[in-house]
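The entries follow in the order I looked things up.

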Amino acid sequence: MERMTLLELERRAAAGPVEAILRVQLEAVRSRLTKQDKDYLELEFTDGEGRLQLRIWADHPLHAEATKLRERDFLELGGRWTFRDPFGLEPGRLTLRPLAEEEKDAFLQGPAGLRERQDADYRSIQEYVSGMRDPRLAGLASRFLTEYGERFRRTAAAREFHHARRGGLVEHVAQMLRSADALCGVYTSIHRDLLLAGVLFHDCGKLWENSCEKDGFAMPYQEVGELIGHIACGMELVNRLWRDLEEAGDLERWKEWVPGNDDVRLHLLHLIAAHHGTQEFGSPVVPRTPEAMLLHFVDNIDAKMEMMSEGYARGRKLAPRIFQRVRPLPANLVAALGQGVAPQGEISPAGREETGPPEE
């Protein structure tokens, strides 16, 4: 049987039954009772991109084996998978086996395509940091990547809705940096390094809210994240890294720079504090500078674009080119127009040769 990711299997099984094997980590196992007081197990799995929920009834051949499973176990699941809306993937002839240590290590690196994308995104972040001209912001950002880079790379941007996967924060920040950098070419009065630093640090508190375990995809809750939230955590982290620069004597060397050191720190803290845009959505203050306003909208745009992408990938089709609403988006999705279609053999406005109508 072909090995697939959960997302690949969902797409394939939507068209009909698929024989496939999955590598997954068990996130939760619960004993349940039916209305008729019959035992069954409810199992929740993830492979870093997608999620799967299975129910194993008491009379299933694997029920006894499944009762021995524990949260965080790494498994290979095989079967003939069908997709039933709204229940999702369901296996026939289910098999399961624990992963060997070498298989687990390879699996934790993530699907090849996702791993390559996140590696490229992290390199892009490093390049933006190395290109900062303000030594205070460059020094602060470099310290963050040096001290927290490994944790950063296994943190999600959210628990649900967008980039809710191991390494999702790296993807989110890298794309925001590209957008913010492009907007600096349009709004030329923007303090570019301040805006880019704001992008890097705006969600850094999520390292204590949405960080995955070193040896898995689980995202345990942490008391500090619950008590003060990622905005306060991020502001505290920036202040601590700033003190490190101060104690190292770096800030003394740059005290003649304009704007001054204290102003730079204060404005960066404001970007973190205001990036949700309104107090209703958790920001203690609203954006009061051009950089803060741009950061808020760049953050919101990237989150919404990711939600739409996920909606197209996973959403149930209600009709040709119409997809079921994915919350918190406000309405059903309609397939994007895509690239223009030119006459046979000619070049479309997007610059690629068209040989026929686009696939639906």
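Entry 1. I looked up strands 8 and 9, which run antiparallel and are joined by two bridges; strands here are DSSP runs (E, at least two residues; helices are H or I, at least four), numbered from the N terminus. Two strands count as paired if DSSP finds at least two bridges between them. Phe 323 stands opposite Leu 333 in strand 9.

Entry 2. I noted the ground rules: this is a predicted model, where local features need pLDDT of at least 70, side-chain atom pairs count only at pLDDT 80 or more, and totals for chains, interfaces and linings use all residues. Residues are numbered from 1 along each chain as its sequence is written, and side-chain values use heavy atoms, with hydrogens and water left out.

Entry 3. I traced the open sheet of three strands, and its order is 7-8-9 with antiparallel pairing. Strand 7 (317-319) and strand 9 are at the edges with a single partner strand each, so one side of each has no neighbour in the sheet.

Entry 4. I checked ring pairs (Phe, Tyr and the six-membered ring of Trp, centres within 6.5 Å; planes under 30 degrees apart are stacked, over 60 edge-to-face, the rest tilted). I found nine aromatic pairs in the structure. Tyr 40 and Trp 57 form a tilted one, 4.7 Å centre to centre with 45 degrees between the planes. Tyr 40 is in strand 3 and Trp 57 in strand 4, so the pair ties together parts 17 residues apart in sequence.
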